[in-house]
Amino acid sequence: MNMHAINLDEWSPIILTLVTFIPLAGALLLILLPRRDRDIRVFSLVVSLLAFVLSLHLPVHFHRAQIGFQYELDRAWIPTPNIHYHMGVDGISMWLVVLTTFLTPLCVLISWKSIHERVKEFFILLLVMETALIGVFVALDLFLFYFFWEATLIPMALLIGMYGHGRKVYAAVKFFMYTMIASIFMLAAILWLYAKVGTFDFVTIQNAIRAGQVANFAGAAQWLFLGFFIAFAVKVPLFPFHTWLPDAHVEAPTAGSVLLAGVLLKMGTYGMLRFNLGLFPEQARANAWWVMILALIGIIYGALVALVQPNMKKLIAYSSISHLGFVVLGIFSFTQAGLDGATFVMLAHGISTGALFMLAGILYERRHTYEIVEFGGLASSMPVYAAFFLFVVLASVGLPLLNGFVGEFLVLSGAFQARAVYGILGATGVIWSAGYLLWMYQRVFFGKIRHPVNEILPDLDLRERVALSPAAAVALVMGVAPLLWLNAIDPAVHAALAPFEQLASKVVGQ
Amino acid sequence: MSAAEMAQVLPLAVEYIRILPEVVLSLFGMAIMVLDPLVDERTSQKSLGLLALTGAVAAVAATLYQSQYAGVGFWGMVKVDSFSTFFHLVVTAVTVVVILTSYEYMEVQQIRAGEYYGLILFGAVGMCLMSSAVELVLIFIALEISSISTYVLAGFRRRVAISSEASLKYFLLGSFATGFFLYGVALMFGATGSTSIAVIAVALRSSPIPLLAYAGIALMFVGLGFKVAAAPFHVWTPDVYEGAPAPVVGFMSTAPKAAVFAVLLRVMFEANAPGRLWLIWVAAALSMTLGNVGALVQPNVKRLLAYSSIAQAGYLLVAFAVLPGNGIPAAMFYTASYAAMNVGAFAVVSHFAGAGERRVIVDDYAGLGRRSPLLAATLTIFLLSLIGIPMTGGFFAKFYVFSAALQADLVGLTIIGLLNSAVGAYYYLRIVVMMYMRESRDEAPVAPVSAWLGVGLGISTAATLYLGILPGRVLAYASRSVADLLH
């Protein structure tokens, strides 16, 4: 279990703890800071940048060829029940951590002016949220995982409910109740496993299941699989559990949307990968046929609904449902390409959809509406903005050499290997996504300016450019040199797939 | 007369130490009653409140001192062990917080406070005694001491009709319930020939268990179930909680409940009660469901918290349906964290209610997050703990209870409980939503939190968070008392 015996430097055991809890420490300090809004913003930016810089330690010192968890730290936390403070990352979760720390400073920048009431509380919530999100990806103790998982709920619900627009309270409560109720099924499954194995340690439980040492496992496995799956499916969200997402997105403040689409949804797909596949490979295979069908429905349904949305933010929200469908499709194809692609789509979607929400938010700050018909011809009044927007749209629709392409391509090739019809149906999703995004782009930016207010809209200022440029740059690098990411993801995926190769040579749904 | 015979007639000195907290509380209570007519009416609230606080803190100290003198006393009627110490600490700590809360409340409501503090201390005597009594008749007397004090306390808003209604209702139904308990004790005596729990336990281990014993347990459970507001004996709760003064509700929803749960643990586990599984199963499932469903539609915060306390009693009862090794520590931990969060929640409610308890509707809490950030944040912590969100005591409390239930293969009851806690999240969240996401219609400033209340809130917040982050020590302590209880 102790993979870090190999000479990593002395930072390694505590680096994950540092990265996870620096935002929380910053939030606690913020409580003490006087209510001078500017100081609070600067302080939050510094804290989130510090977390980001520290998190870069992870990919830099990561042993790419090595299988298993790295930067592990395993300490007893509570003696009864046997709960450990066990953290560690593999090639998949490491990138999700970096994605989180990367997006948070951008969220701080993008909220600089748009949040002007209860500023202190906003940034406290944002930083607490960051800690909880990172915690979800690094926890290797099921209890610790559940702990962070639930801890993401409150700050996000408050961000939506306190700083959102329109029916914000409805959206916040819906978000909270949906995910809370779903995660109770996961809690039941976790408690069951603990009752039988006597530990929450992920690796120990995994080994016990593989060695067939868990009493009554055969009878309960399907229920346990479903318990975890429901919690993750609601979070993803997989059709038909998606109805909370458009509400939450439309009403959320920009930073909330960025973290929600960029990171929070990935908790679900990450959970499927880590727990549904990691703990219950046989059940995952047995259930793959309907999961993949739901994923395909999500891809196509999400895209079709996005096509007809009059509201820009809702359009992006539905496009998330469609994109996350790709991730689920890739995961349940049980192929190397499919899982590599799924992980890559998670990262790419985090960057490009995060950027899309930031762009939508910038427009909202100027016009206080997301309705597409309110715009038109913006390319002439806001040329820089239009250029950024086009770049991100192209990344999102999967233009080669940008980040969207690599992941979707890999997922589709995985799906083809699983069953050709899945690949074909999935591929239509790519076409749809080009349709709804480019059509939206055309309606917003081209043509004549119909509303006089749009003529005098100011273009991006320096802060907004600083917030958008890193996302655009990363989208480009991910598209040009995906191997930088994939060579860490690949071994982790290989390890995740190991039990499936033993199961049978047949691939899916037979 | 030999020395040994003398010892049987007169208790030894150390035996008095085994009732020291009760003695301390009684002395302070009597002192308050005596001083009440003597001190100036305008300052009595301050001076007697301080005296009561001193008494309660002294009782905490006495409990800690007493814990070094474990053993039986008074002819096998009281027993000091880690189990009784645990509940003594919960009861006395709650008493401290309640006195701190009442201090400001009484002034705002303009209630003369002398007997009030006396009654709280006398109530605490009964509750402390309940947790160390190991003889059913003494348990009954302790139960009565505690109940009679709370009956009177419930009616302390003399000028308000619903407060008198609450008091009368509580008194009538409560006496009825105590009658059931006494009847159960009598039947138990008939079945086993003793009222000592240790003797009963031996008698009940030998089969066949007499039918009378089953009836005795069932009747005792009716009486005790009433006191902890477990369904189907919960009907009095919302009305009484609505009418009684808010700090008193904080008191009677935590301290007496903790004490009665201590008695239940003794009766169910130490006395090895027969047939407890189904009794508890039904009561737990009913309490959780009726409590949560009832709370969903309550506009009044006090009523909402009343239904919530019914539901919380249901979760706690789940721990009684499992094996003692897991069930006892889980129940003890739940009692402690429930006491911390509920007394804290009522402290906020009683402060915010204002003169005449005008602001007790959920809608009144609108905008509290902006109007009084600290008060809102504290209440949020207690509410999140009542939901069972990680980082709070309420989370681990539920967690221990339900993992114990799963270890005993009570899958059905666990699922009922978990689904219920999801329902529960909705109504607790309603208050949080109100505080942070709605704008208030009433812009009257919220009274600043006095130093006394601040300390009280600080204690309960710290306890709630401590139990949620480092639950290990408390749970380990509770686990140790399993051995004390089961010999």
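Although A:His368 is not a glycine, its phi is positive, at about 55°. Most residues other than glycine have a negative phi, and most peptide bonds are trans.

The structure is a predicted model, in which local features need a pLDDT of at least 70 and side-chain atom pairs count only at pLDDT 80 or more, while totals for chains, interfaces and linings use all residues. Residues are numbered from 1 along each chain as its sequence is written, and chains are lettered from A and ligands numbered from 1 in the order in which they are written.

## Other backbone exceptions

Chain B also has a residue with positive phi: B:Gln110, which is not a glycine, has a phi of about 55°. B:Gln110 belongs to the loop between α5 (82-109) and α6 (114-132) of chain B, and it counts as exposed because it has 11 C-beta neighbours inside 10 Å.

Two cis peptide bonds can be described as well, one in each chain. In chain A, the bond joining A:Phe239 and A:Pro240 is cis, with omega about 0°, and A:Pro240 lies in the loop between α10 (217-235) and α11 (244-251) of that chain. In chain B, the bond from B:Ala231 to B:Pro232 is cis with omega near 0°, and B:Pro232 is placed in the loop between α10 (211-227) and α11 (237-243) of chain B.

## Chain B as a whole

Chain B contains 22 helices and 2 strands, and its C-alpha trace spans about 70 × 60 × 40 Å along the principal axes.

Of the 487 residues in chain B, 62% are buried. Contacts, meaning pairs of residues whose C-beta atoms, placed from the backbone, lie within 7 Å, join residues at least 24 apart in 81% of the cases where the partners are at least 6 apart in sequence in chain B.

## Helices of chain B

In α6(B), 18 of the 19 residues are buried, and the helix is mostly covered. From first C-alpha to last, α6(B) reaches 28 Å, close to the 27 Å expected at 1.5 Å a residue, the expected span being 1.5 Å times one less than the number of residues.

Helix α9 of chain B (residues 197-205) has B:Ile197, B:Ile200 and B:Ala201 as its buried residues. They lie on the same side of α9(B), because they cover an arc of only 105° around the axis, the arc being that of the directions from the helix axis to the C-beta atoms. The cover over these buried residues of α9(B) includes α8 (161-192) and α13 (255-270) of chain B.

Within helix α8 of chain B is B:Phe181, which counts as buried because it has 26 C-beta neighbours inside 10 Å. Leaving aside neighbours within four places in sequence, B:Phe181 is in contact with B:Phe140, B:Leu143, B:Met220, B:Gly223 and B:Leu224.

## A buried residue of chain A

A:Val397 belongs to helix α17 (residues 383-397) of chain A and is buried, with 23 other C-beta atoms within 10 Å. Not counting residues up to four places away in sequence, A:Val397 touches A:Gly404, A:Ser433, A:Ala434, A:Leu437 and A:Leu438.

## Where the chains meet

Between the two chains, 26 residues of chain A are in contact with 25 residues of chain B. On the side of chain A that touches chain B, α6 (142-151), α7 (153-163) and α8 (168-197) of chain A each supply at least two residues, and α8(A) gives the largest share, 15 residues. This side of chain A divides into 22 nonpolar, 2 polar and 2 charged residues, where Ala, Val, Leu, Ile, Met, Phe, Trp, Tyr, Cys and Pro count as nonpolar, Asp, Glu, Lys and Arg as charged, and the others, Gly among them, as polar.

## Confidence

The predictor gives the complex an ipTM of 0.77 and a pTM of 0.85. For chain B the mean pLDDT is 89, and 98% of its residues reach 70 or more, pLDDT being the predictor's confidence in each residue on a range from 0 to 100.

Notes: A residue is buried if 20 or more other C-beta atoms lie within 10 Å of its own, exposed if 12 or fewer, and partly exposed in between; C-beta atoms are placed from the backbone. Helices (H or I, at least four residues) and strands (E, at least two) are DSSP runs, numbered from the N terminus.
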